[in-house]
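My notes follow in the order I worked.

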Amino acid sequence: MKKDFLSPELQKLNYANPVHLAAVGFGSGLLPKAPGTMGTVAAIPLYLLMTSVLELGLWQYIAIVALASVIGVYICASASKAMGVHDHGAIVWDEIAGYGITMIAAPQGWMWVILGFALFRFFDIVKPGPIGWLDKNTHGGFGIMIDDVLAGVFALAGVQLVAYIVL
């Protein structure tokens, strides 16, 4: 990958390393505008692959999302350490995992994909209550992941509430 256009911090990553590539959302976090939003956009095809193409059952889906969240601590810590920056905006694995949490047991259809996207981005950006506290007071790979995991839980509750009301 040609690195000339990347910031000095991003030039420190090894893009041949699958951990670093995953941390930047397979390149989606490298986009200069709204990398967190772009990382969440990158999560949508992964969600659709698991639910529509592979047709994973609920427990299989939850297992994969849980695994992505747990290994995300390592992935985010590794990229952060390599860059020498805590929670660089280009690290978007946390958004990918958070969106996956949001979509647990979501009804099928584009309305739900978009609603989950909007709710997750809202909670990830606004960081109400405990999300903001965790974002400011936790560090390392766990600190990078936990606010997005909790934003995903809040958005999951929102999706499920709307599904309960609408369906």
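The model is a predicted one.

**Entry 1: charge pairs.** My cut-off was a Lys or Arg side-chain nitrogen within 4 Å of a carboxyl oxygen of Asp or Glu. I got three salt bridges by that rule. I looked at one of them, Arg 121 with Asp 124, where N to O is 2.6 Å. Both residues sit in helix H6, three residues apart, so about one helical turn separates them.

**Entry 2: H5 against H6.** Two packed helices are described by the angle between their axes and the distance between the axes. I took helix H5 (residues 93-102) and helix H6 (residues 110-126). Their axes are 9 Å apart, and the packing angle is about 125 degrees. H5 and H6 are therefore oblique to each other. I noted the crossing as right-handed. Which residues meet here? From H5 I listed Glu 95, Gly 98, Tyr 99 and Thr 102. From H6 I listed Val 113, Gly 116, Phe 117, Phe 120, Arg 121 and Asp 124.

**Entry 3: H5 against H8.** I then turned to H5 and H8. Their axes come within 7 Å and cross at roughly 25 degrees. Angles under 35 degrees count as roughly parallel, so H5 and H8 are roughly parallel to each other. This crossing is right-handed. The H5 side of the contact includes Trp 93, Ala 97 and Ile 101. The H8 side includes Ile 144, Val 149, Gly 152 and Leu 156.

**Entry 4: positive phi.** Phe 26 has a phi of about 60 degrees. Phe 26 lies in the loop between helix H2 (18-23) and helix H3 (35-53). Ala 105 also has a positive phi, near 60 degrees. Ala 105 is in the loop between H5 and H6.

**Entry 5: surface.** Which residues make the nonpolar patch? I found Met 111, Leu 161, Tyr 164, Ile 165, Val 166 and Leu 167, with an area of about 740 Å². Helix H8 (residues 140-166) gives the most, with four residues. Leu 161 lies in H8.

How values were computed:
Residues numbered from 1 in each chain as written. Predicted model: local features only at pLDDT ≥ 70, side-chain atom pairs only at ≥ 80, totals over all residues. Heavy atoms only, no water. Patch = residues over 30% accessible without salt bridge, like charges linked within 9 Å, V, L, I, M, F, W, Y side chains within 5 Å. Areas by Shrake-Rupley, 256 points an atom, 1.4 Å probe, with all protein chains shown as cover. Helix = DSSP H or I, 4+ residues; strand = E, 2+ residues; numbered from the N terminus. Axes fitted to C-alpha atoms, helices over the stretch in contact; angles between N-to-C directions. Parallel < 35°, antiparallel > 145°, perpendicular 65-115°, else oblique. Left-handed = near helix turned anticlockwise from the far one by under 90°. Contact = heavy atoms within 4.5 Å.
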